[in-house]
Structures are given as structure tokens and as C-alpha cells.
Amino acid sequence: MRKRVFIRWQDIVPFIAFAAIFIFFSVTSGGKMLSAFNLKMLLDQSMVVVLMGCGMLFVVAQGSIDLSVGVNLALSGVFGVWFGFATGVIWLMIPAALVCGLAVGLLNGFLVSKLKVPSFMLTIAMLIGVRGIVNYIQQYIGTQMLPTSLAFLNQPPVKIPLFIVIVVIMVYLFEFTKIGRYSRAIGENETAAEYVGIPVSKIKIIAFALSGLMAGVGAFFAVIGVGGTSQTMGVFMEMKVAMAVFLGGVLVTGGASAKIYKVLLGSFSITIIVNGLALIGHPESQISESVEGILLLLILLATIFATRRDRQSGRMLPEGKNSGSLEFAEQKNRKADGKSV
Amino acid sequence: MLVVAVIVCIFLAFHLISGGTFLQMDNLAIVISHTVYPTFMAWGLCFLFACGYTDMSIGGVVVLGSFATGVLGNMYGYPGAVLGGLAVGLILVFINFLIFAFSGIPSWIAGISLAMIYEAIAVAVKLNPTLKPLIETDMNQNIRLFGSFPWSLILLFIGLFIVYLIYNRTTIGLNIRAIGGNQQVSKALGISLIRTLLFVGLITGILIGVAAFIQESYAGQTTVKTGLTSMYMIFQPLAIVLLAQILQRWINIIIAVPICAFIIYSVFTLLTTMGVPSGTLQEASLCVFLIVFGIIGRFGYKGVVK
Amino acid sequence: MTDGANILEVKGLNKYFGPTHANVDIDFTIKRGEIKGLIGENGSGKSTLISQIAGIYRYDSGSMTLNGEPYAPHSPKDANREKIAMVMQELGVVGTLPAGVNVFLGRTQQFTKAGFVNLKEVYAAAEKIFTQWDLPMPPLHQLAEGMMVETRKMIELARALSIDPDLLLLDEITQSLSMNNRDRLYGLIGKLKGMGRSVLVITHDVDELIEITDTITVLRDGAVVGEADSRRTTADEIKRMMVGRSMSGEYYREDQAPDYREKVMLTVRDMAVPGEIEDVSFELHEGEILGFCGLSDSGIHSVGKAVYGLSRLSSGSVRMEYADKDVKTAEQALATGAAYVPKDRDSEALMIHASVLDNICLPSVEELEGKVMYLAPGKLRALTNEMVEKFSVRTTGVHQTMDALSGGNKQKINLGRWLAKDLKLLILDCPTRGVDVGVKAYIYSLMKEAKKNGIATLLISDELTEVLGMADRLMVMKDGRITKVIRRDENFTEQSVIGAMI
């Protein structure tokens with residue numbers, strides 16, 4: 001009896017979306033997308049998104065959002081490399097970037113959990129503010145180039161195992177430890193989590209810290225990938241990562257819908273979209289931007305309808321509250337997102 | 001009374017910091033004409049927030065609305081300018097609301113998607129060879145009266161009067177606030193959710209349209225924004241509304257908005273006169289502002305925060 | 001319009017929600033000037049039926065006639081137009097608007113001149129309604145946000161009365177009212193009856209229902225299973241109809257003396273939470289059930305929260321003697337082996353869109369943790385299966401989501417997940433709120449078992465009979481302070497308690 005499998009639409013939608021996107025661009029690009037060179041590029045491009053998506057997932061699972069990861073990546077990268085040069089030991093850029101990312105994450109976590117600043121508003125403010133700081137720093141130190149001695153880090157035999165190890169750690173933390181479990185509980189019902197005795201504030205800080213730390217890791221991958229830092233580093237990255245998480249079918253309200261495989265799928269989906277649009281010959285940014293916007297809307301719609309379907313079937317209705325419950329949940333979201341600004 | 005005293009003190013302090021230039025008439029005129037269009041945007045946000053929505057695409061709408069104001073204004077004079085801005089604001093914000101109301105996607109994320117689309121349209125317009133020269137021509141000086149002092153101030157007062165009445169003294173205003181407060185109950189009381197939301201779309205659309213019209217009148221030309229930078233345009237109105245929400249305890253929010261707009265712009269003017277570079281550290285200070293207001297607004301708040 | 005004629009007739013009414021047949025061929029009438037009760041277990045379709053009369057849902061088949069005319073409301077507004085008003089079960093006021101505006105919300109058109117609402121008239125009209133019906137007047141100009149549950153209920157009631165209803169529908173409203181306001185409500189119902197108006201009341205409290213109604217209709221599994229005349233029926237007869245079998249009348253404790261061990265488990269000293277409770281001190285012993293009762297704003301619910309570390313104390317201390325620890329946060333309380341079951345199951349205790357497994361394991365995560373913080377999926381499943389079996393929860397599997405379960409099964413999980421642990425202290429806030437008689441009896445048996453195992457229980461309840469039936473000692477609270485402590489072998493009666501409550 002307990003072997004019975006529950007297939008939920010909301011769990012399938014990300015696969016369908018991924019398959020559709022993959023097939024669409026494979027065909028329209030005339031096979032260019034599947035060339036060995038391009039596949040390698042796809043993998044390269046999706047790595048940073050996957051890593052940061054895994055970090056952001058903890059925050060999204062709690063029903064919050066971290067839109068500061070893009071600028072955090074820029075700040076961590078710029079600071080890390082500067083620190084490496086300044087100390088003369090270029091290796092120190094790695095811990096420096098990680099510490100910087102972690103620090104920004106901790107600050108976010110502290111402000112959200114202890115001072116109750118809504119995460120959406122906070123991280124959007126950080127998005128402007130930290131970008132200002134990055135620009136300010138860049139004005140003084142200019143574009144930084146990594147020494148060639150570090151180029152070997154960008155070789156697949158080094159980079160890919162490192163990537164896999166980090167992702168496995170994140171999967172473990174999210175699926176098999178209390179950090180992930182509590183994060184989902186907070187997203188499902190924060191009051192209930194608090195009343196059970198879960199250290200909600202602590203878990204929130206940990207989630208934002210992890211998101212920040214992964215932005216630091218992302219900064220490392222981005223720096224070695226590009227070979228240096230620049231003013232445009234990490235621009236639009238937070239949107240790409242957030243889209244990856246939501247394209248993967250994680251609900252904005254978080255909770256039990258948050259699964260790490262969805263982040264992987266979503267990251268590949270968004271990378272394929274960006275890459276595919278370039279391949280089929282629409283280099284102008286405005287086309288890809290609008291296509292991304294429309295796609296994001298469509299896939300969110302699909303996820304929401306799938307969830308609605310799941311909740312409608314298989315529900316024994318508590319009397320009198322039937323049709324209300326989902327709408328009520330949505331209303332609460334709306335309220336939350338209204339208040340969050 | 002206390003609030004008024006505090007505000008007066010703040011301005012006196014500004015005056016001293018700026019070395020006696022702040023309270024001079026022409027400086028005030030500049031600050032005021034600067035605050036008018038964000039004030040209208042902020043009022044729009046008030047209605048949005050009142051019913052529990054956030055619309056991140058408003059910046060994109062203002063850009064497109066400004067295009068329409070400029071182009072149609074140059075072609076048909078005032079009627080073209082006014083109607084152009086209003087029509088674009090109204091139609092696009094209305095579309096947004098249709099999407100928010102019917103899709104069930106949380107509004108802020110749907111708004112981000114829409115912002116992308118509007119930005120893309122703006123770029124497409126700019127790249128179009130026939131439209132490019134039109135939008136790059138400055139708006140005709142003689143139809144830009146409402147962008148400058150004292151006409152902008154008059155517009156502000158007219159706006160204040162109308163918006164105040166709508167928000168506080170009409171059935172639709174009360175219904176909007178009811179829906180934001182408790183959707184289920186409002187529905188059960190026979191308030192039509194969709195109808196009310198579409199009204200919010202309408203009102204917000206008009207306010208955003210007016211904002212676009214004033215913006216273009218003030219600036220003469222609007223630059224295209226890409227990569228979601230149009231979202232930056234709502235941050236200042238956002239800061240205004242957040243501050244106004246804190247003052248709400250003492251002053252009606254609709255009246256608080258222009259006051260807060262004035263305070264915030266004064267601060268930025270001050271920062272500029274003190275030599276703080278824009279584009280870098282001014283952004284950082286805006287960020288600090290937002291966060292500080294966010295924290296103050298939450299003092300003593302016990303509910304769940306996401 | 002004479003008394004005795006049917007005001008509302010419902011014939012062959014059916015309502016489906018997806019696969020659920022919520023109302024089955026309902027035949028049902030209300031006479032003019034009649035006070036009718038509607039009762040049934042959770043999930044029996046009472047609220048569904050009343051919601052259809054009020055126009056919240058539309059029925060799938062069958063018919064309704066109002067005063068002999070076909071009646072098919074599309075919205076509550078339609079129902080209002082036909083002079084049918086409803087006070088809903090859940091909280092129904094808009095916090096962002098003033099109390100006075102709430103009374104006429106959705107109907108402010110009538111105060112509109114030239115497009116603008118005359119707020120002065122709105123407030124005056126609202127004031128008139130509160131005076132006319134002798135309801136406690138809230139501050140009409142203040143936002144409803146932050147007003148007490150009871151005050152909000154009164155605003156709702158005023159709203160319903162403001163349409164001058166011929167038929168008033170009351171869905172479970174007495175449970176959130178204090179004793180004196182209940183009396184006011186009963187008076188109001190009598191007044192309506194005197195005016196030839198009809199009232200339809202839903203409540204879980206059988207005795208109350210018999211007391212205030214003329215006739216009672218009993219629902220089971222969505223269908224009408226019986227009608228009774230309130231003057232002739234008994235509580236046992238109604239209960240028997242509700243569950244379809246006869247219930248043993250006594251499910252409370254039978255002994256008449258306190259029975260607990262010497263060992264002190266919990267010491268609370270001078271506990272105070274600003275604006276909620278003051279000077280609360282007591283000791284709780286091993287195997288003791290300590291009852292807390294009082295009016296809904298007396299602070300009884302705050303005591304539970306504060307003991308579990310969920311409120312910031314302005315003074316005093318909470319000491320878990322069994323663990324030799326002062327507790328300041330819920331996290332510490334959880335770690336010592338304490339449990340807290342809050343009042344509102346769906347919004348404060350359970351994650352209703354998560355699985356049965358997620359819900360059951362939540363409080364036990366720390367115990368299930370292995371090396372390197374590892375939570376073995378097998379262990380979680382084993383615990384869940386054990387609990388599902390032990391408390392005979394009806395589910396299709398551990399991964400089923402909570403919202404598919406009935407209220408009783410949810411409450412079993414809510415309580416059972418704590419009893420799975422090595423528990424020392426159990427804080428229960430209205431554990432039987434809104435569950436039917438069968439589950440209620442089951443919960444009492446669980447409490448008795450916990451007591452036998454030496455668990456110290458803090459039982460907070462609005463229902464006086466429940467506390468009297470279960471507690472060893474009883475703390476009566478009023479205005480945030482303990483006003484009286486009664487032992488089971490002393491003057492353990494409703495009269496003595498009510499005296500200290502009001």
C-alpha cells in the first residue's frame with residue numbers, strides 16, 4: 001500500500017518544459033545546438049547557474065527570494081581577485097571570494113530574519129546598492145586579468161569534478177538534512193514551523209548564507225571562466241538564476257514543491273534558451289529578452305495550473321472551505337508580495 | 001503636529017548642510033519639478049499595494065509612455081502628448097492586470113517578465129529606422145510646460161485632490177482596500193474581485209500615463225533601458241511609498257506621498273551638491289534608505305515575513 | 001407572511017466537489033419565525049449546505065424556493081437582496097478598513113452622492129445597528145486590524161443584521177464568543193424570532209443547540225438523517241443520529257479526585273507577557289492534567305504559547321524541572337521533550353500542502369538525525385508508518401498530502417506526531433476544537449494514556465465541560481491573571497468556575 005506512487009502534474013511539468021525547449025532549439029538551430037563544441041559551451045554556461053540555483057533554492061523553499069546573487073557574484077569576484085593581487089598570493093582569491101559572498105548572504109539573512117525586512121524588497125535594494133559599490137570599486141581598480149598560472153583551473157578535468165562535488169554536497173544538504181527539511185517546512189507554513197520549535201531565524205540565516213556562499217562559488221567559476229573581472233560581471237545573473245529555479249517548477253511560495261532536480265532542469269532550460277536564441281540567429285538582445293519574458297510567463301502558468309490540478313483532484317474537501325483554500329493561499333501570497341515592497 | 005515639526009526641522013538641517021542654498025526659491029523649484037513624476041508613480045504604487053499587488057514593469061511602461069508622449073506631442077501638440085502618454089499607460093497597465101488577475105502568477109514575478117517584454121519593445125522601436133528619428137527628437141519646447149515649475153506643482157495639487165478623493169471617498173477606493181485586506185471576505189460581500197482589480201489597473205494606468213507625460217515633458221527625451229534596468233525606475237517611487245507607509249500612522253498615505261517624495265529628492269539633491277557621485281555611491285545610499293525604511297516599517301511587526 | 005409558513009424550502013439538493021458528493025438529496029425546510037439548528041460531524045456537509053443558501057456556492061441539482069418563489073442565488077449579494085444574511089465560520093472582516101466601514105462594505109453605494117461616499121453617514125448608520133441590536137459597540141473609526149476575535153465577530157454580526165434579514169444564517173459563531181456575548185446572541189436570536197424572522201444555527205455544541213433552537217436537523221455524510229424537536233429530544237439522541245450508532249455518554253474521566261505524582265515537572269514563576277498575561281505562577285506535576293479556562297481574551301491561550309517559549313516574557317521564568325532547564329525559546333522547549341499543539345490546526349500546526357510524512361516527522365527531526373546530519377529516508381518512512389498505524393489514520397500512503405485528509409485524521413496526526421516522541425510535557429490548546437464526537441472521545445483516551453505514562457499535560461480550553469471532565473486541577477483566568485485554582489475534589493462545578501471567570 002505504501003508503494004503506491006503519487007504522480008503529480010507539478011512534478012512533471014519541468015520535464016515537459018525542458019524537453020519542449022530542447023527539441024524546439026535542436027530543430028530550429030538546424031542541429032547546431034547539438035554540436036560537441038556547443039554542448040560543451042552549454043555545460044560551461046549552465047554550471048554557474050546550477051551552482052547559484054542550488055544556493056538560492058534554500059531561500060526559495062522558504063518562500064523568500066534572493067535577487068542579490070548577481071551583484072553578490074560581481075562583488076565577490078572583484079573583491080576576491082583584488083584581494084589575491086593585493087596580498088600577492090593569487091590563490092587567496094578563492095577564500096576571499098567565498099568569504100565575501102558569505103558575508104553578503106549573512107547580512108541578507110540577518111536583515112530578513114531578525115529585522116523582518118521582506119526579502120524581495122531587501123534583495124532588490126541590494127541589487128541596486130551593491131552594483132553601485134561594484135561600479136565604484138571598478139572605477140578605481142579597473143578591469144582585472146587573472147595570471148595564466150590559474151588557467152588550468154578552467155580545464156574540464158579540474159572544473160567538472162569540482163562542480164559535481166559541490167552539487168552533490170548541496171543535494172545532500174537539501175534533500176537529506178534538516179536544513180533542507182526545515183527550509184521546506186518554513187515555506188509550507190512558517191507559523192507551524194515556529195510553533196513546533198524549529199529555529200526559524202537560524203534556518204533563514206543559514207539559507208541566505210548558503211545562497212551568498214554559492215554566489216561566491218559562482219564568482220570563482222565565473223572568474224576562471226572569463227579569466228578576469230569586469231564591470232558587467234553578473235549583470236542579469238540573479239534573473240537567470242531565479243528563472244532557472246522557477247522554470248524548473250519550484251513554486252514561488254516554496255515548500256514541498258522545492259526539489260533540487262528541478263533546479264538542475266531549470267538551469268539547463270534557461271541556458272538552452274539563451275544559447276539557442278543566439279544560435280538561431282537573433283543576436284539582438286531585445287528578441288531574446290522578450291522571448292525569455294514570454295517563456296517565463298508561460299512556464300509559470302503551466303506550473304500554477306498543474307499545481308491547481310493536483311490540489312483539486314485527490315482532495316477530500318473540508319466542509320465549507322473547499323474552493324476557497326487554494327485561492328486563499330494565493331491571496332495570502334499576494335498579500336505577502338504586496339507587503340513585501 | 002509633531003510630524004510637521006520634524007519635517008520642518010529636517011528641511012532646516014538640509015538648509016544648513018547645503019550651506020544656505022537649499023531653501024532658495026530656484027533650488028526648491030528644481031527639487032519640486034523633479035518630484036512630480038515619481039509622485040504620480042508612487043500614487044500608482046499605493047493603489048497597487050492597497051490591493052496586494054506589485055508591478056515591476058511600471059518602469060518599462062513609463063519608458064514606452066514617454067515615447068508616445070514625445071512623438072505624438074510633436075505631431076499633434078498637447079492633445080497628442082496627453083493622450084499618447086495616457087493611452088500607453090492605461091493599455092499596458094491594464095494588460096498587466098489582466099495577467100495578474102487571471103493567471104494566478106504572483107504579480108512581482110509576472111511583472112518582471114512583462115518588464116522584459118516592454119524593454120524589448122522599446123529596443124525594437126529604437127532599432128526601427130522609421131521610428132528611431134522620431135523618438136530621438138526632443139519634445140517640442142512649447143508643449144513642455146507641465147514639466148516645469150510652477151505648472152508641474154499645479155498638476156501635482158490637482159492630482160493630489162483627485163487621488164485623495166478616489167482612495168478615501170469612493171466605493172471603488174474602499175473596495176480596492178477591502179480586496180487588499182481580505183480577498184475572501186470582500187468576495188463574499190459581493191465585491192467583484194475581477195471588476196475591482198481591473199479598476200485598479202485603470203486608475204494605476206492613468207497615474208502611470210500621467211507620470212510618463214510629465215517625465216517626457218520634464219526631460220524632453222527618454223533613453224531606452226535594457227537588461228531590466230527599467231526596474232530601477234520604480235525604486236525611487238518605492239522608497240517614497242515605503243516612507244509614506246511609515247508616516248501613514250499620522251498622515252493619510254495619499255498626502256504623505258508627495259511630502260516623502262520631496263524629502264527623498266531633497267536628500268539626493270543634497271548628496272549631489274555634497275559631491276557624492278551618482279551611478280555608484282548614490283545607488284548605495286538609495287539601497288541603505290530602502291533597507292532602513294523597511295526596517296522601521298517593520299518595528300513591532302509580529303507576522304510572517306517572506 | 002404568517003408564522004408557520006415555510007420561508008425556505010430545499011428539495012433534492014445535490015452538491016459535488018470533484019469526486020466528493022458533499023450534499024446528497026437534501027430536503028430541508030425552515031419556517032417563518034423558526035430557530036433551526038443544523039448539526040453533524042465534520043465533513044457531513046453542514047457548511048456546504050448553508051453556503052449554498054447564502055449564495056457562496058451554487059448547487060448542482062435540486063431546487064430551493066424562498067417564500068414560494070424559486071431561489072437560486074449566484075452570490076452572497078443575491079442572497080442579501082432576498083434578505084438572507086450569513087455570518088461565516090472563519091474570520092470575516094477586512095483589517096485595512098475601519099470597523100464602521102466594514103459593516104457596510106460592498107454596499108457603500110447607498111451612501112454615495114455624486115460619486116463620493118459620505119463616511120459620516122456610514123458611521124452613523126453602523127452605530128445605529130449596534131445600538132438597535134444591543135451589540136457591544138467597537139470603536140467604529142478604528143481599523144479592524146488588531147481588534148479581538150470576538151469584536152470582529154460582532155462587526156460581522158452587525159453587518160449581517162444591517163440588511164434586516166428575514167433569514168439569518170450563523171455558522172459556528174458561538175465558539176469564539178465569551179459567555180456574556182453568547183447570552184447577548186441568544187437574546188438577539190429570541191428577538192428575531194419575536195419579529196417573525198428565522199435563524200439557522202450551526203454549532204458543535206449539542207447542549208447549546210437544544211437550548212436555543214426550536215427544531216434540529218441532523219446531517220451525516222452529506223445527507224439528512226433525522227429531524228428532532230428541540231423540546232423533546234436529548235443530547236444523546238442527537239449524538240446517536242450524528243454518528244449513526246449509540247455513543248457511551250461518558251468519555252471524560254470518571255474519578256472524582258486529583259491523581260498525580262509528587263514530582264514537579266514544570267515551574268512557572270511570575271510569568272508576564274505585556275498586554276496578555278501578568279503574574280502567572282504555577283507548578284505542574286508528573287502525570288497531572290492541569291486545566292486552564294477563562295473567557296477567550298482572558299489570556300489562557302497566551303499561557304500555552306509563553307510556556308513553550310513562543311512569547312517574549314517581560315518578567316518571570318519558565319523552568320522545565322524534568323530537564324533542569326530554564327526555557328526561553330521554542331527551540332529549547334522542543335529539545336527538552338515538550339510539545340505544543342496550538343489552537344488553530346490548519347494555520348498554526350500543519351503544513352496542509354505537504355505530505356503526511358513531512359508533517360509527522362517535523363517535530364522528530366532532531367531525534368532521527370544520524371551522523372553528518374543525515375536524515376535517512378527509511379527511518380522517516382518507518383516512523384510515519386508506525387504512527388499512521390498506531391493512530392489508525394485513514395490515508396492512502398505516507399506521501400499523500402494533508403489536504404486530502406478529513407479534519408479528524410488531521411487532528412490525529414497533529415497530536416500523534418508528538419506522542420511518537422519521548423514526551424515529558426504536553427501543552428494542548430483546544431485539542432478538540434471543531435472535531436466530531438468520535439474523534440473527540442479518541443483524543444480524550446489519548447490524554448488519559450499520556451497521563452498514565454507520567455506525561456504532564458497543560459490543557460487549555462474554551463469548553464468548560466472538557467476541562468472539568470479531564471483536569472486534576474483547574475486554573476481559572478480573568479484579564480490575564482489567575483483568579484482561582486480548584487482541585488478536582490473541591491468545588492469542581494461549572495458554577496464555581498464561571499463565578500471566577502466573569
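The model is predicted; local features need pLDDT of at least 70, side-chain atom pairs count only at pLDDT 80 or more, and totals for chains, interfaces and linings use all residues. Residues are numbered from 1 along each chain as its sequence is written, while chains are lettered from A and ligands numbered from 1 in the order in which they are written.

Chain C contains 18 helices and 22 strands. Both are DSSP runs numbered from the N terminus: helices are H or I with at least four residues, strands are E with at least two. The C-alpha trace of chain C spans about 70 × 50 × 50 Å along its principal axes. Of the 502 residues in chain C, 48% are buried. A residue is buried if 20 or more other C-beta atoms, placed from the backbone, lie within 10 Å of its own; it is exposed if 12 or fewer do, and partly exposed in between. Among contacts in chain C with a separation of 6 or more, 68% join residues 24 or more positions apart. A contact requires C-beta atoms, placed from the backbone, within 7 Å.

At their boundary, 13 residues of domain 2 are in contact with eight residues of domain 3. Helix α16 (residues 437–452) of chain C gives the largest share of the domain 2 side, four residues. By class, that side has nine nonpolar, two polar and two charged residues. Ala, Val, Leu, Ile, Met, Phe, Trp, Tyr, Cys and Pro count as nonpolar, Asp, Glu, Lys and Arg as charged, and the others, Gly among them, as polar.

Chain C also holds an open sheet of four strands, ordered β14-β13-β16-β17, with antiparallel pairing. β14 (277–285) and β17 (325–326) each have a single partner strand, so one side of each lacks a neighbour in the sheet. Pairing requires at least two DSSP bridges between strands. β13 (residues 264–273) and β14 of chain C are joined by six bridges. C:L266 has C:L284 in β14(C) as its bridge partner.

Between chains, 48 residues of chain B are in contact with 54 residues of chain A. α4(B) supplies the largest share of the chain B side, 13 residues. That side has 29 nonpolar, 15 polar and four charged residues.

The largest nonpolar core has 355 residues. Such a core is a set of buried Ala, Val, Leu, Ile, Met, Phe, Trp, Tyr and Cys residues joined through C-beta atoms within 7 Å. Helix α3 (residues 58–103) of chain B contributes its largest share, 19 residues. B:V257 is among the residues with the most contacts inside the core. B:V257 touches B:W43, B:C46 and B:I240, among others. B:W43 lies in helix α2 (residues 25–50) of chain B. With 32 C-beta neighbours inside 10 Å, B:W43 counts as buried.

Key
Contact = placed C-beta atoms within 7 Å. Lists of a residue's contacts leave out its neighbours within four places in sequence.
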